[in-house]
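Hi,

Here is the structure I promised to pass on. My notes on its aromatic rings and one of its helices follow below.

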Amino acid sequence: MASRQDEIRSELDKLVASLNLLSEKAQDEVLAGMLKIPPGTPINVTRDELIKHLEKTLGKYRGGAASLTADWYETLRRAVIDEDFSATLADDMPSEEIDAKVRWLMARLNDNPDALDSLTGDLSSFIDRVVKAGSRETIIKSVKNDPSKPRFARVPAGNETCPFCRMLASRGFVYTSEKAAAGIKRGYHGHCDCVIVPAWGKPPKIRGYKPDKDYKRYEAARDALEKELGYSIGLKPVDIVGKMRELYPDIYPRTN
């Protein structure tokens with residue numbers, strides 16, 4: 001018989017698999033749209049077509065991610081609190097952010113026409129972040145509007161988790177407000193499988209999620225860096241992650 005921590009992990013893995021599928025479909029649709037643009041089309045025309053296609057595609061799949069996450073949130077809540085509650089969906093992606101991102105990418109291509117592969121990779125990461133942000137922002141907004149005031153944590157999922165994500169996840173279920181959660185709302189790289197998980201009452205145990213151990217290693221790395229540099233104010237998270245990799249290379253291997 002599966003334990004509750006196994007059940008939560010299973011539910012979390014299903015959510016992540018669904019979000020990854022939505023992201024992949026969005027990426028495929030955008031790529032298919034790009035391939036329909038005739039070769040030799042002026043870059044400014046290509047840019048405008050790409051912006052138009054992205055707005056339509058991201059609106060659909062970001063909305064899908066928000067909807068399925070709202071259902072997931074309500075199901076998770078209902079297992080603890082026997083009352084009706086409607087999760088709050090994430091807002092649409094601001095069109096100006098899509099416009100700015102595409103213009104930045106196309107400017108790079110204009111400077112270096114051979115950088116198409118790099119542009120495609122950057123665009124893929126951008127699409128993945130936007131789609132999954134529909135899920136994460138749905139959870140953040142739902143927590144804000146939830147009268148039961150749950151705590152929440154950033155929980156890694158997937159087969160691999162980068163050291164930076166593990167550092168951000170190491171604080172566990174300590175977040176209680178949108179403002180306090182700034183650290184877990186940001187820092188999502190492309191193709192990141194971390195999920196914001198709410199908890200009502202006693203924080204649940206989730207198979208494979210052991211933030212205490214990561215946080216102890218984070219503290220050890222921070223203390224070592226402070227001693228090495230001679231100061232503590234102004235330490236950057238990326239530098240602490242670098243020290244974590246240095247102190248614990250078997251736990252936080254370099255992936256690139």
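A word on terms: rings of Phe, Tyr and Trp (its six-membered ring) count as a pair if their centres lie within 6.5 Å, with planes under 30 degrees apart called stacked, over 60 edge-to-face and the rest tilted. By that rule, Y73, F85 and W200 make up one aromatic cluster.

Two caveats. This is a predicted model, where local features need pLDDT of at least 70 and side-chain atom pairs count only at pLDDT 80 or more, while totals for chains, interfaces and linings use all residues. Residues are numbered from 1 along each chain as its sequence is written, and side-chain values use heavy atoms, leaving out hydrogens and water.

Searching the whole structure turns up five aromatic pairs. One of them is Y73 with W200, edge-to-face at 5.4 Å centre to centre and 75° between the planes. Y73 sits in helix α2 (residues 43-78) and W200 in the loop between β2 (195-199) and α7, so this pair ties together parts 127 residues apart in sequence. Both Y73 and W200 are buried (under 20% relative accessible area; exposed is over 50%, partly exposed in between, with a 1.4 Å probe and protein chains only). Helices (H or I, at least four residues) and strands (E, at least two) are DSSP runs, numbered from the N terminus.

Now for α8 (residues 237-247): its buried residues are I240, V241, K243 and M244. Seen down the helix axis, they fall within an arc of 160° (taken from the directions from the axis to the C-beta atoms), so they line one face of α8. The face turned away from that buried side carries the exposed V238 and E246.

Cheers
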